[in-house]
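Please consult the sequence and structure shown below.

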Amino acid sequence: MRTGVWLVGARGSVATTSIVGALALRAGLTGPTGCVTELPELRGPALPTFAELMFGGHDVVTTPLAKRAEALATAGVLPVRLVAALTEELAAVERDLRPAPIGGSQADRAAATVRDLVDFREWHGLDRVVVVNVAATEPTPRPHPGHADPDALRAALAGPDEVLPPSSLYAYAAVTAGCPYVDFTPSTGLRLPALTTLADTHRVPYAGHDGKTGETLLKSVLAPMFAMRHLTVRSWSGLNLLGGGDGATLSEPAANAAKVRSKQRVLGETLGYLPQGDTRIEYVEELGDFKTAWDLITFAGFLGTGMRLEFTWQGCDSALAAPLVLDLARLTAAAHAAGVSGPLTDLAFFFKDPLGTATHSLGDQWTRLAAFTRRLHAGGRDASRG
């Protein structure tokens, strides 16, 4: 199944690492560590192989992909040997990267995006194209009447106003072109009634939001532990330090607030209450693409005895995120091929703020993901049904 992966933010660190990783896997230069779709419970014939993935995308910056890969290698994110070995392959992907459409109305920019998606699909003879948003986090947009109704939205997009944030404009273009859409960021994306209606009309699947790669991954494991042991969490405070482009973006208060809301939701919905404390995100340029999270948890046991847990998580954001981007592209493509449409709630395992799920427990999410993937491999249209 020849599958296109169209990356919004295609020259960013996560996208570049995803592309280099997929090319290295295709060439047999590395193993699939971190790719959960290569675990025995999920691997199977419904998923496109790494060799069947073709990459394209949009970005507002123009730095050549090979230069971005070299910079990440210098920073210790990518192995230098892989970047050196994949020069020709990176040049081939470079030819499928496009400047993000600018100018004109939002309707004009959406139409230009649709043309790029269709041209990419037809030029490479692809069965389908999955659009994955890995661009910078956006602030929450202001409400607009067009957000509620597709017809009102179409009319508004032709006017002079910026009706949709960029992630939602890409979602609009993706579903219009018949492409599944995955939002790996906490941005608004497809989370507007007019866009979900359009996705249903075009019968495309979509997934999101905000890839779960670090501190929140640990929260989704530890919070259920406290709940299942009937231990009362009195406070949970976290400090996240990160550099790179994502850190710089999150130094802007509105984008920071959107990210914090996504990270905190897991606690309230897992524990059934919100303990004291909050999550802070700070930009430390020196850290580059690496991040550190420190959490302090205070909790009460039998007879009210007070206790505490602390943990420190240090990781490379792009190396944690990239394999999940590849997993999501493969799973979403397989769902589309099986005739599944609408929100892919069974992919909650991958997200901090997943669509339509009643559980944030990583174990429960894994069980649902494995069952969903088995149904995909069985080849039925009922893959989305539990």
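This is a predicted model: local features need pLDDT of at least 70, side-chain atom pairs count only at pLDDT 80 or more; totals for chains, interfaces and linings use all residues.

Two strands are taken to pair if DSSP finds at least two bridges between them.

**Strand β1 and its burial**
- Strand β1 covers residues 3–8, and six of its six residues are buried, so the strand is largely enclosed by the rest of the structure.
- Thr3, Val5 and Leu7 point one way from β1, whereas Gly4, Trp6 and Val8 point the other way; the residues of both sets are all buried.

**Strand pairing**
- β1 runs parallel to β4 (residues 128–133), to which six bridges join it.
- The pairing of β1 with strand β2 (residues 53–59) is likewise in the parallel sense and extends over six bridges.
- Together with helix α1 (residues 13–26), β1 and β2 form a β-α-β unit that is right-handed.

**The second largest pocket**
- The space in the second largest pocket amounts to about 330 Å³.
- Its lining comprises 19 residues, and those nearest the centre are Thr17, Gly21, Thr30, Gly31 and Thr33.
- Helix α1 makes the greatest contribution to this lining, with five residues.
- Both α1 and α12 (317–337) supply at least two lining residues each.
- Twelve of the lining residues are nonpolar and seven are polar, while no charged residues are present in the lining.

Key:
Residues are numbered from 1 along each chain as its sequence is written. Side-chain values use heavy atoms; hydrogens and water are left out. Buried means under 20% relative accessible area, exposed over 50%, partly exposed in between (1.4 Å probe, protein chains only). Helices (H or I, at least four residues) and strands (E, at least two) are DSSP runs, numbered from the N terminus. A crossover is right-handed if, with the strands pointing away from the viewer, the path from the first strand over the helix to the second runs clockwise. On a 1 Å grid over the protein atoms alone, a cavity is a set of points where a 1.4 Å probe fits but cannot get out, and a pocket is an open set with protein on both sides within 12 Å along at least five of seven lines; lining residues have an atom within 4 Å of a point. Grid points are joined across faces, edges and corners, and a volume is the space filled by probe spheres set on the points. Ala, Val, Leu, Ile, Met, Phe, Trp, Tyr, Cys and Pro count as nonpolar, Asp, Glu, Lys and Arg as charged, and the others, Gly among them, as polar.
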